[in-house]
Each structure stands twice: as structure tokens, then as C-alpha cells.
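The following note sets out numbered points on the model shown below. Please read each point with the sequence and coordinates at hand.

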Amino acid sequence: MNKKYEKNTIIFLIGLFLLAIISLVSTTIGPVKISILQIIDILFESININTNLSSSEISQAFKTVVIDIRLPRILMGIIVGIALGISGAILQGLFRNPLIDPGFIGVSSGAAIGAMFVIMFSQLIAIENNFYIQFLLPVFAMSGGLSTTILVYKMSQMSGKTNIMAMLLSGIAVNAFSGSIIGFLVYRASDMELRSFTFWTLGSLDNSNWLIVSIAIVAILIPIIISINLRKKLDIFMLGDAEAGYLGLNIEKLKKRIIFISALMVGVTVAFCGMIGFIGLVTPHLVRLIMGPSHKTLIFGSAILGAIILILADFISRIIIAPAQLPIGIITSALGAPFFLWLIVSQKQKIRYEK
Amino acid sequence: MKNKSTNILTVVDVSYEINDITINKGINFNINLGEIVSIIGPNGSGKTTLLRLISGDIVPSYGNIKFREKDLNNYDPKEISTMRAVLPQNSHISFPFTVNEIIQMGRFPHPENYKSDKTIVDDLIKTFDLNDFLGRDFTSLSGGEKQRVQLARVFAQIWSEDSYNGKLLVLDEPTSFLDIKHQLDFFEIINDFKNNGLTIIMVLHDINHASSFSDKIGMMKKTELIYFGDTRDVINSQNLNDVFDINLKLINIDSNGKKLIYL
């Protein structure tokens, strides 16, 4: 079509290539060292193609480690990165504000209440079976997250319209209130419960298995497709509510869709992997710096870059204090927070420039 | 084609109230196809609200508005967006879109056509003297430059290859940030479009501009449209002094009855 279009395609391809390389390298790391060539062999063997690039016999234990432990973890990382990247991009679009994080619609704090509830409740009625906790925690976290989002959305309705400013404020209020509920639960909790909850809030890909990966893929596939379809409408929405309306855009429908698909995407990631901060905030910003503000490139770009950042963070979390591993949320915040500070400073200069 | 009426917009007994405050009261007027109509009046007299009612952004508390003989409420937003474009008073854009991208957004209601869209955008860039700002970040432009980009965008929205018959442009203070040259350019541009059938209603602050470039003028004072009619009938010192609470004189500048304000 034109030069800009070609340039964007090349950037996307480089991004996908980087994601593949980082994922492969990350798969080699762990208590058992497995070479890249061996991993490629194992991957191809699993779809019945014999490559034998490593020209060695690969043990069954290696195959199990790659297929049942490391692969689902990497896939889960990619899914979570995509979900957080896209929801950050579309929510910053909804609020027309680049400093918005998916937490602003209340989904994370609601999910935290749900998670804490399960952690304490399961001890109380003595559910010993780990399976129930693994099953109940995501369900409660997801329900908690969606409930708080619906509450924030309802609070922002004014004579049939969604007031974005009211939504921002009610999001802050609901988060504060959730904080007090969590505070109360934490106060009542035992040391063990407290420890599980703290680890949950730091985020982790540890629980990834094929069942969870399949559920997560099914849950976020439709939101991803819807978000990509919204790309042109979101650009028009950037002109302002009234302006977008005059161009024939149904802005109420658009707002509703953005809120619920991002709540669903963030809800799924929080339910299975706990809280992983800063990716939703930072990723769209980096993509805007590279490719410009248009959602035609922003949504797809944030999906790829979100996945890259998450896989990298997971990679670092596994090597930095090996053989132990650091919760991934610590890494994303440790890298994300300085970037956020830089963002505020550079934005400040820009505001002056914009007068 | 229906040929029975030359009427494009009919406003009947329109009032608008919000939280028991009346902003527009008992407004009646008609606009014919291909007319340029200016609304003038002091601050807070309800001009912008009237434009928002005409644009369908808000719904009248009483009365009704007809656009092309059909009630404004009965239009689908998509359907009306190809026939009527609106420039609000000031728009804020927080993301650094380029000038091209903003103008291109005006084509949103139309089926995508890369080639013809590019021709339209290029043409409007020339028309609004935006050649120097191609690819520039919108947020870095001055107020007047931003206004010209937004004007180009609304013209892109109702762009037509042949006639502008039946198309309406609603502009709220379109010249407020423009320098004198670009103000005059603007009036020349809208006059060209008018000659192709375009109908324009706008709010202006400069009474000389309104009286020089419009066919009809409406004067608003305290929520009401107190005078509406042909420019030469409405513009006189008595009406102006009545509406604006000042003492000004008019001087005749030509034999057609064209008048200029003398301050």
C-alpha cells in the first residue's frame, strides 16, 4: 500500500521473531539445562516430525520437562503479556490518557479480595486438597474482579451516558474501599495465609499447566479479536466524545465494550497468575514511541511487546537467584517503576510544550 | 429527487432545559438549501447550545428540529454523519497524531478507499494552507493551525465530488484562533462551497464578518433568538445595541446596503 505500511509490517515481523527467540532461549533455562537444538527436536517430535538437529538421544525426562513444564509456562507468559498489553492500550484510549493502568477500573483489587477470601476460607473449612484451591482461587478472583468493574461502570453512568471522569474517580474510590477490605482480611489472617496472599499479589507463572493454558486461551481469544476490530473506532474516539459522535460512532457501545473486554482479559491473568504490575501501563507507551499513536498499530504492537516483556521478566526472575526464583511481579515493578518516573518527567515537559 | 422544498433545517418552538435552568427558549427558524447563516450574541446567550441541538448532540426539552424534512431524532448517527459535519468550539487531542491522520479521520463514515481518500486529504491540505505541517504532530501546532486542521477534517467528512446540495456544516466559532489572512481565506473557502450547494450555520463573534459573509443572521440574547432574517434587514444599530447592550454606530460602505460597524 505505502511506505509506512511496509515499515510497520517489518516492525511487527521483527517483534514476532524476537518473541520466538526469547521464548526459545527462556525454555533452555532451568535446573535441567537443555540446549536450543534439543528443544527444537522435542517440539517437532511432539507434532511427529523427526528433525534430530542436536544429533543426540533425548531422554524422556527432558521431553517431560519441556512439554509439560516449560512450554505451558512460556505459553501462559505470552498469553498474559498479550492480555495486559492490549488491555493497557485500549484502556488508555478509553480514558484518552497515557498514564492509565488496567488497575484503574477496579478489576485487580476486586480479584485480590476474591483470592484472599479463598485463601482464608479454605484453611477455615480445612480444604486440604490442593486441587480445590487451584480451582476455587481463579473462580473467586475472576468473580471479584468482574464485580468491582461492574460497580465502577455503574457508578459512572449519568443520564444514560458513561462519564469517563466519574469512572476514573469511582475506580479510585472502589480501589481504596477494596484496600480496606483486604486490610481487614490480612489483619485477621494467620501467618501462613498471609504468606500465600503476599505471594499471590507478587504474581507468578508457576501454576501454569496445559489445562490452565487452554482455559486462558479460550477466555481471551474473543476479547483479542474484538479489540483488534476496534482499532479504527478508537482512533476516531481520540478526537473527543462529541466529535466521534458527529462522525457516526456509537461511543456508548464502544466504551462498554472496552471496559468489559479489558476486565475479562485482566481478570483471566490475575485469576491464574496473580498481580503482574506495570506491563499494561508501560507497553502501549513504548509502542507509541516506536510506531505512533494510531490504534491500527498500537493494539497489535502492544500484544507482541507485552508478550516479549513478560517472557523477558519471567526469564530474569528464573535466573537472578537461581536455583530459586523471584516472583515475576517484583521484576516487572522493579523495571516498570523507574520507567513510569521517566514517563511522568518527559510528559511534564510535553505538557508545557503543548501549552 | 424531491424538489418540493428548498428547506434543509426547520427549528420549531425549541427549548432546552437542564437542572431547571433554561438555556434555550422558544426558538423558531428555517434555513434554506445553500444559505450561509451566522448566529451572533453576547456570551452565555445560548449560541453553542443551539448548535449542539441542531447537531443532534443533545435533544430538545420541548419542540422539534427537522433536517431534510425528517425529525433529527429519527436519524441513525451513521446515516446523518455523511450529510452533516460539526466543528465544536475547541477540541483537545492528547495523543500525537499527525495532521494527515486527523484529516483522514473525517473520512470515517465513508467506505474506505485509499486512493480517493488520499486525493481528498491532499486537496484539503492545499485548501487550508497546511502544506508546511504534513506529518507534523497535531499536539505541537498553534491554536490557529489546529483550528485549520479540524476545519479540513470536517470538510473531509462531507466531501462530495459534484454537488453539496442537502449537506450541512455546523461550525462553532470557526475563526476564533485564525489570523486575519486565514480568516479571509476561510470565508472565501466557505463561499466556494456554498456556490456548490453547501449549507452552513455557524456562530461568529465578529459582527463585521457575520454581516459581510452571511445570507441570514440570527441574534441571540438571554436564551432567546430575538432577531432572525436576511442580513440587510437584521443588521442595524438599533438591533445590535439591543442585543449587545452597547452603543455602536453603523456606516454604509456601498450602495448595496452593506454596513460596517464603527466603534
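1. A:I220 lies in helix α8 (residues 210-229) of chain A; helices (H or I, at least four residues) and strands (E, at least two) are DSSP runs, numbered from the N terminus. A residue is buried if 20 or more other C-beta atoms lie within 10 Å of its own, exposed if 12 or fewer, and partly exposed in between, with C-beta atoms placed from the backbone. A:I220 counts as buried because it has 24 C-beta neighbours inside 10 Å. Apart from neighbours within four places in sequence, A:I220 is in contact with A:I79, A:A83, A:M265 and A:V268, a contact being a pair of C-beta atoms, placed from the backbone, that lie within 7 Å. Between A:I220 and A:S294 there are 74 residues of sequence separation and 23 Å in space, C-alpha to C-alpha.

2. On provenance and numbering: this is a predicted model, in which local features need pLDDT of at least 70 and side-chain atom pairs count only at pLDDT 80 or more, whereas totals for chains, interfaces and linings use all residues. Residues are numbered from 1 along each chain as its sequence is written, while chains are lettered from A and ligands numbered from 1 in the order in which they are written.

3. The confidence of chain A should be considered next. pLDDT is the predictor's confidence in each residue, from 0 to 100; its mean over chain A is 87, and 94% of the residues of that chain reach 70 or more. In chain A, helix α9 (residues 231-237) has the highest confidence, at a mean of 95, and helix α14 (residues 328-354) the lowest, at 74. Over residues 351-355 of chain A pLDDT stays under 50, and the model has two contacts for them beyond four places in sequence. Where pLDDT is low, the predicted coordinates should not be read in detail.

4. Which residues have the most contacts inside the largest nonpolar core? They are A:A83, A:A115 and B:A152, in a core of 162 residues. A nonpolar core is a set of buried Ala, Val, Leu, Ile, Met, Phe, Trp, Tyr and Cys residues joined through C-beta atoms within 7 Å. Helix α3 (residues 60-94) of chain A gives the largest share of this core, 15 residues. Beyond four places in sequence, A:A115 is in contact with A:L137, A:F140, A:A141, A:F197 and A:W200.

5. In chain B, B:L124 belongs to helix α4 (residues 114-127). B:L124 counts as buried because it has 22 C-beta neighbours inside 10 Å. Leaving aside neighbours within four places in sequence, its contacts are B:I103, B:A152, B:F155 and B:A156. B:L124 and B:S214 are 90 residues apart in sequence and 23 Å apart in space, C-alpha to C-alpha.

6. The interface involves 19 residues of chain A, in contact with 23 residues of chain B. On the chain A side, α9, α10 (241-246) and α14 of chain A are the elements that give two or more residues, and α10(A) supplies the largest share, four residues. That side divides into nine nonpolar, six polar and four charged residues; here Ala, Val, Leu, Ile, Met, Phe, Trp, Tyr, Cys and Pro count as nonpolar, Asp, Glu, Lys and Arg as charged, and the others, Gly among them, as polar.

7. Chain B has an open sheet of six strands in the order β6-β7-β8-β3-β9-β10, with mixed pairing; two strands pair if DSSP finds at least two bridges between them. Its edge strands are β6 (84-87) and β10 (224-230) of chain B, each pairing on one side only. Strand β9 (residues 216-221) of chain B runs antiparallel to β10(B), joined by six bridges. B:K216 stands opposite B:D230, and B:M219 has B:Y227 as its bridge partner. These two strands, β9(B) and β10(B), form a hairpin with two residues between them, and B:K222 in the turn has a positive phi of about 45°.

8. A second open sheet of chain B has four strands in the order β2-β1-β4-β5, with antiparallel pairing. β2 (21-32) and β5 (70-71) of chain B each have a single partner strand, so one side of each is left without a neighbour in the sheet. Eight bridges join the antiparallel strands β1 (residues 7-18) and β2 of chain B, with B:Y16 and B:N24 as bridge partners.
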